[in-house]
Amino acid sequence: MPRDIPVGNGDLLVNFDELYRARDLYYPLVGRFNHTGGHVQRFGVWADGVFAWIDDASWTRSLKYLPGTLVTDVRLRNEALGVELVCNDSVDFHEPVFLKRVTVRDLLGRPRDVRLFFHFDLSINESPVGDTADYDPDTKALVMYKEDSYFLVNGSNQGKSGVDQWSIGTKRVGGAEGTWRDAEDGRLGGNAISQGSVDATVGFDLKIAPKSELTVYMWLACGHSYENVKQLNRSVWDKGPEKMIMRTQAYWSLWASKEPIDVSPLPEAVRDLYSRSQLILRTQLDNRGAILAATDSDVAHYAGDHYAYCWPRDGALVAHALVLAGQSELSRSFFRYAGRVIHRNGYFLHKYTPAGNLASSWHPWQLEGKPVLPIQQDETALVLWALREHFETFRDVEFIKPLYNSLVTQPAAWMLEHRDHNGLPKPSWDLWEERRGIHTFTVATTIGALVAAAKFARDFGDNDKAAAYEEGAERMKEAMLEFLWNPSVSRFARMATPLGGAGNRTALANGEEVRPEYTLDMTRDSANFAIFAFGALRAGNPM
């Protein structure tokens, strides 16, 4: 399922689902590691002896953000409990600290005994084996850790630091459900430590006057050592969690409005969507440059894998959107990442981890007993094309200089080499990752990339290379018109499959058509927008 309200800062990411349950916790890279394994992190309320978890049907919910920020604005109301909650979640813009502000309001008009419970079901470094959770009396906090990943949970209630209650125990071992069950009677056990497959729950006790409200702060500090998270905890307390939330709100408001793009002619809802989409997109970008396809973890439970990887194609298209929005720092970061991960021979493989390692793949290195490149050529082409779009917008010559060989000349030389005798790209996998052949989308993106490479080469005085790239682009365009255009239906094919030799044109019953040297798949495909989008033909061309 998609996540509804992510908050993050490029190092730490927290995703909430539609019921306002935290589901994903990524640190120290966006996309690596997910320390929850997708398991629900529960939030519950006990009021005068009655308890309800936040996913209970008795709650009404409104999940939004404060305008122009990455600070949530969540409204929760429970008539049965007689309380209303206003929750504001954020990840500090600078430190790896998640902060939650919860304001609890009485709806019944009488003194209230209210207790808030936050449950943490971590699988640190994506495994529940060998975790430890302990109560730290020095900070009055809980610390959960394994190897070099440490998480400290603490809070502030009516001017005092430290949790009021806690419980530490085992989960999903020997029939144990977890410490969240311990919260349902309003009182946690207070055991000091547990190791193995562990979880933890903390509680905060509130005495609320009739028709009044009180505010509780909870925070999760992430670090690489015990001392590191204790220092972060001290920093939160010294600065004040309220000030940290406010400074984060101010930072994202500034970030979202820093470019002098006039959006005043647009309706207010569209202006808000433009700002919101940039902010949410930012949560999925790792500070080291990787642009993640998706960070929700549900798919892993039935597919055995996830989408928290960087596909160069997806990254290039997102980088282009960032260029159009004026977010030059983020597009530069992506291209530097691309320059680090590209193969020395000038092409990108299927996908990469946020750290820049080769990711899992379903593209084989051998087909029918013959070696093949497990690639989608459009991924290589689109990075080069998007890099040119970036340069023509920002003209940042010194940024381009160290990337000129790795992202321009080497990919362009490889694309010229990786052609058949007609000048079309050799077969590769399509952008849907379903079929192998010569795809119109791939041809169009490669033409756009070669044109971009020629422009770069001219700029850098490599006129011989520029001429070669221009000739390659023109020859590929002519081959596209000759072999991929089907005049009988006046449209381009989705894909051409090379035949063993030349043949006459023959219509087949299944809608395919044999042309000299290629079989055409005439399935309509939205991906053919690439013909005009990347400059293979002008948008006004009748074809």
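**Entry 1: Gln41**

I began with the side chain of Gln41, where a polar atom lies 2.7 Å from the backbone nitrogen of Asp121. I count a polar contact as a pair of N or O atoms within 3.5 Å; within protein, one must be able to donate a hydrogen and the other to accept it, and residues adjacent in sequence count only if both atoms are side-chain atoms. This is a predicted model, in which local features need pLDDT of at least 70 and side-chain atom pairs count only at pLDDT 80 or more, while totals for chains, interfaces and linings use all residues. Residues are numbered from 1 along each chain as its sequence is written, and side-chain values use heavy atoms, with hydrogens and water left out.

I found Gln41 in the loop between β4 (32-34) and β5 (43-47); strands (E, at least two residues) and helices (H or I, at least four) are DSSP runs, numbered from the N terminus. Is Gln41 buried or exposed? Gln41 counts as buried because its relative accessibility is 8%; buried means under 20% relative accessible area, exposed over 50%, and partly exposed in between (1.4 Å probe, protein chains only). Setting aside residues up to four places away in sequence, I listed what Gln41 touches (heavy atoms within 4.5 Å): Arg21, Ala22, Thr36, His119, Phe120, Asp121 and Leu122.

**Entry 2: strand β5**

Next I followed the chain into β5. Five of its five residues are buried, so β5 is largely enclosed by the rest of the structure. Phe43, Val45 and Ala47 point one way from the strand, and Gly44 and Trp46 the other way.

Which strands pair with β5? I found β11 (residues 112-120), antiparallel over five bridges, and β6 (residues 50-53), antiparallel over four bridges; a pair needs at least two DSSP bridges between the strands. Ala47 has Val114 as its bridge partner in β11 and stands opposite Val50 in β6. The hairpin of β5 and β6 has two residues between the strands, and there Asp48 takes a positive phi near 50 degrees.

**Entry 3: nonpolar cores**

I then looked up the nonpolar cores, which are sets of buried Ala, Val, Leu, Ile, Met, Phe, Trp, Tyr and Cys residues joined through side-chain atoms within 4.5 Å. The largest has 133 residues, and Phe43, Leu85, Leu116 and Phe335 have the most contacts inside it. Helix α10 (residues 440-459) gives the most to this core, with 11 residues. Another core, of 16 residues, lies apart from it and includes Leu99, Trp219, Leu232 and Met244.

**Entry 4: aromatic rings**

My search of the whole structure gave 30 aromatic pairs. Rings of Phe, Tyr and Trp (its six-membered ring) pair if their centres lie within 6.5 Å; planes under 30 degrees apart are stacked, over 60 edge-to-face, and the rest tilted. Tyr307 and Trp311 are stacked, at 5.8 Å centre to centre and 25 degrees between the planes. Tyr307 is partly exposed at 41% relative accessibility, whereas Trp311 is buried at 4%. Phe348 and Tyr352 have ring centres 6.4 Å apart and planes at 80 degrees, so I noted that pair as edge-to-face. Both Phe348 and Tyr352 are buried.

I also noted one aromatic cluster formed by Phe16, Tyr20, Phe43, Phe98, Phe118 and Phe204.

Last came charges over rings, where NZ of Lys or CZ of Arg is within 6 Å of the ring centre and within 35 degrees of the ring normal. The charged end of Arg42 sits over the ring of Trp180, 3.8 Å from its centre. Arg115 lies over the face of Trp46, at 3.9 Å from the ring centre.
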